[in-house]
Amino acid sequence: MTIAVTNLRVEDKLYQNRYVVDSGRPHIKVRPHKWPSANLFALTSVCPAKCYELNDNGQVEITADGCMECGTCRILCEASGEIEWNYPRGGYGVLFKFG
Ligand code: SF4
């Protein structure tokens with residue numbers, strides 16, 4: 001048995017993915033807030049697709065384009081109601097290539 005060894009980095013593999021934007025219908029929404037909770041703030045660093053960021057007023061915003069549907073933000077903030085999380089509609093969202 002032969003095992004192929006590649007030197008591809010994770011970033012190179014992720015670059016192979018494609019994303020179909022569902023314009024005007026983001027599948028994740030952040031509840032309006034004055035200040036983010038610790039969990040909500042954490043999303044600005046734990047989301048692997050860097051979908052979350054702080055705006056100039058210190059509130060967390062999301063741009064769901066590029067979301068890999070990993071569920072990290074769902075685990076951290078859906079139960080508290082800080083985010084609303086749904087899968088994208090059929091035909092939209094991430095298209096995984098090569099893993
Ligand atoms: S599901 Fe994962 S990739 Fe998508 S926004 Fe949440 S943490 Fe980011």
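Colleague: What should I know about the model before I look?

Modeller: It is a predicted model, where local features need pLDDT of at least 70, side-chain atom pairs count only at pLDDT 80 or more, and totals for chains, interfaces and linings use all residues. Residues are numbered from 1 along each chain as its sequence is written.

Colleague: How many helices and strands in the protein?

Modeller: Three helices and six strands. Helices (H or I, at least four residues) and strands (E, at least two) are DSSP runs, numbered from the N terminus.

Colleague: And which pattern along the sequence?

Modeller: The protein reads α-β-β-α-β-β-α-β-β. Its C-alpha atoms fill a box of roughly 55 × 30 × 25 Å along the principal axes.

Colleague: What share of the residues is buried?

Modeller: Buried residues are 13% of the 99. A residue is buried if 20 or more other C-beta atoms lie within 10 Å of its own, exposed if 12 or fewer, and partly exposed in between, with C-beta atoms placed from the backbone.

Colleague: Which residues form the largest nonpolar core?

Modeller: That core has 12 residues: Ile 28, Val 30, Leu 40, Leu 43, Cys 47, Tyr 52, Val 60, Ala 64, Cys 67, Cys 73, Cys 77 and Ile 83. Strand E2 (28-30), helix H2 (38-46) and helix H3 (72-77) each supply at least two residues of it. By nonpolar core I mean a set of buried Ala, Val, Leu, Ile, Met, Phe, Trp, Tyr and Cys residues joined through C-beta atoms within 7 Å.

Colleague: Take Cys 77. What is it in contact with, leaving aside neighbours within four places in sequence?

Modeller: Cys 77 is in contact with Asn 39, Leu 40, Leu 43, Glu 82 and Ile 83. Contact here is for two residues whose C-beta atoms, placed from the backbone, lie within 7 Å.

Colleague: Changing topic, which residues are around the ligand?

Modeller: Ile 28, Cys 47, Pro 48, Ala 49, Cys 51, Cys 67, Met 68, Glu 69, Cys 70, Gly 71, Thr 72 and Cys 73. The cut-off is a C-beta atom, placed from the backbone, within 6 Å of the molecule.

Colleague: How does that shell divide by type?

Modeller: Nine are nonpolar, two polar and one charged. Ala, Val, Leu, Ile, Met, Phe, Trp, Tyr, Cys and Pro count as nonpolar, Asp, Glu, Lys and Arg as charged, and the others, Gly among them, as polar.

Colleague: Back to Glu 69. Where is it, and what is its phi?

Modeller: Glu 69 lies in the loop between strand E4 (60-62) and H3. Its phi is positive, about 60°, although it is not a glycine. Glu 69 is partly exposed because 16 other C-beta atoms lie within 10 Å.

Colleague: And Lys 50, buried or exposed?

Modeller: Lys 50 is exposed, with 10 other C-beta atoms within 10 Å. Lys 50 sits in the loop between H2 and strand E3 (52-54), and its phi, near 55°, is also a positive value in a residue other than glycine.

Colleague: Last one, where is Lys 13?

Modeller: Lys 13 is in helix H1 (residues 10-15). Lys 13 and Phe 96 are 83 residues apart in sequence and 9.6 Å apart in space, C-alpha to C-alpha.
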